[in-house]
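Me: Hi! Could you walk me through this one? I'd like to start with some strands.

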Amino acid sequence: MGPPSQRSPLSRRRILQVSGAAGLALAGGSALLLFGSDEHYRALLPKGVRPTVLSEKELAVLFAAVDRLVPDSEGWPKAREARIAERIDRELSFHTAKMHSDFKAVLFLLEHGGVFRLSFTRFTKLSAEEQHARLAKMAEGAGLERQCFAALKAMTLFFYYCDERCWPKVGYQGPFVSVRAPPEADSNPLRQEA
Amino acid sequence: MDDALKERVLEYDRASRDYEETVDACVIGTGCGGAVVAKELARAGKSVLMLERGGFYLMDHGDFDQREDDMMARIDGGRGLHSSSDGQLALTYGNCVGGASVHYWADTWRTPKDRCEKWEREFGVEGHSYEELVPFFEQVERDLNVHAAEDIRLNRMNQLFDLGAKKAGYHTERVLQARKNCIGSGYCAQGCAYDAKQSQLVTHLPVALAAGARIFADCEAEQILIEGGRAIGVAARFIDRRTCKPSGRRARVRSKVVVVAAGGFNTAPLLMRSRMPDPSGQLGKNLMVNPVAQAFALFDEDIVMWRNIPAGTGVMDFRLARMDGGRYVEGGYLLHPTQLAPATLAALLPSFGKDHRALMERAHQIGGCIAWVDDVATGRATLDEEGHPVWHWEMAEQDELTIRDSLKKQATILLHGGAKEVIVPDAKGTRIRDLEELASIDRVDLGTMMFAAPHPSGMCRMGKDPSRSVVSCTGEAHSVKGLFVCDPSAFPTAVSVDPSETIMAFSYVAARHLLGEWESIAKG
């Protein structure tokens, strides 16, 4: 009875409930603390950005992924202007601890998962072209890998195209009602700071 | 909604203490199943308290702002983010007063006669034959203003679907709609800002409230209280809508009857968490979901699929799978045009980066079809260490064949309708530009596609035999007196069409039984 809507594409976010993922999640949460220097990750974050649920390192990986998923095109808002990575991080705060660990595991796999392809360079150390290629491989990779990719992609693109600045570009005139009524639990950092 | 009725709904911000309530009936869930039972019991003079996990949102409060992100967070279960354990299914269910009816497409179908017969034949379901349900169908259709979609309600995608299907030799039919004074805004899935969609929020719930029922919104049922083999009430907690976490306030309801209508995904987990005896071993099993397979298409004209109603037309002739000596031939789904708003479309289209951007620049020229697949696979639910449900579902071989066949039929309709290119949302973004290329669908890796799961059923299967079913033909649990299931969990299988009317009809049957046998049921 629900809309067939495919309206929950983001739900791939919980994908790491798949077997073995819980262990990966636990390992991932700590491994991100172990691998790579604080300075490397901090340098990837925009100045002044503070994570909500994720660690600084995890948020930095998320920023890097979002930058690849959303291209820079003239006239379109940049992913960083739309605050997509921060929004995903905030959205997590409205979900369970299990979902937090699942998503952290997604980021761990993205950052360190190259080892499964005998590529030992972390995602955040790759060039933009290499990052694109790594994501493309994940998209068509084995179950867990492609599920991680699907989760990241769906969340990123959903929130990006919820940004009103995108609407004229896709031929969408926006809502008919003039009232804006964000939910009480609102993950949009732009709106919260407006 | 009338202010006096609104006062009968307690929300988290007014729940300033713990509550001890004693009522005749505690109804968990305010969707199609719960609303009907609550209305019927309240009108018969019973004291009724409904518990709803989600919030209370109204048109006249300006809550329906038509923004995809706001409304997904507000009215969808898991803020739209719940999936099956392997990520293949996106679970679509409601989390608000009115339940899934607030976000559904308003397609309204009677239970197909063959499905009633199957349930009677294979599961011993009595009292739910098509003929016995007809009076309730008629009641629902009157109350929800059910009518065939008018010409004016067909957007360009619906028109091209109709054209393409007819060119392909498929018979199309108008889909019955539960609407009144629809303006065709296209925001059905975000919750109707005009009260035109005849959801429970604007139909049965106001009647229930006017008859004396109350609702605790933002109130999550944690456990059914069971004592001496009968349900005696419900333990619940309020959720702070600002944080989505427990507020610290609780409700303890003592009742003569407990009606669980928490929806096809959540009723069984609640009963499992409540340690309901399950001698049949079927509780939490037999999950069917009507997975939604879809294909997109690029046209060289404006489609703007996000306006007007979603599915005013469809091909129904393939509803039942055609088999030949046990071998799948074709069918097993309904075909409709699809409707997605831009951000959801973006999340579902294949590719990323510049390729994806190129597609989105033509979003207004993208249309598509969906197939509601009558799945044969059966999933199940388990509880994690914190008692949260985990849903498991794996595609069966016949489902795979059905989905591929549906994608071919969708591509056929879209190409005949003028599509320049059909886009399958697999990881490769398979493209089909000509009918000659339909065979490429056989090579699509279905494991890289995501399927919405909008119509869960089966995890509290109804039947006469307590060794094979969870609830009896009255909806009462075989193993717990005074505990009724009134939602699609009780269906023995999926309905093969939108289940809302079936849910309401089944709830009428349960309500009539409850009222007819009230003294013996209430006193145990």
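Me: Which residue is the bridge partner of Ile239(B) in S11(B)?
Reply: The bridge partner of Ile239(B) in S11(B) is Pro246(B). This is a predicted model, where local features need pLDDT of at least 70, side-chain atom pairs count only at pLDDT 80 or more, and totals for chains, interfaces and linings use all residues. Residues are numbered from 1 along each chain as its sequence is written, while chains are lettered from A and ligands numbered from 1 in the order in which they are written.

Me: How many bridges join S10(B) to S11(B)?
Reply: There are 7, and S10(B) and S11 (residues 245-260) of chain B run antiparallel. Strands (E, at least two residues) and helices (H or I, at least four) are DSSP runs, numbered from the N terminus, and two strands pair if DSSP finds at least two bridges between them.

Me: What about the hairpin there, which residue takes a positive phi?
Reply: Cys244(B) does, near 65 degrees, in a hairpin with 4 residues between the strands.

Me: And in which sense do S9(B) and S10(B) pair?
Reply: Antiparallel, over 8 bridges. Glu220(B) stands opposite Arg237(B) in S10(B). In their hairpin, with 2 residues between the strands, Gly228(B) has a positive phi near 60 degrees.

Me: Switching to helices: at what angle do the axes of H3(A) and H5(A) cross?
Reply: At roughly 65 degrees, and the axes come within 10 Å. Axes are lines fitted to C-alpha atoms, for helices over the stretch in contact, with angles from 0 to 180 degrees between N-to-C directions.
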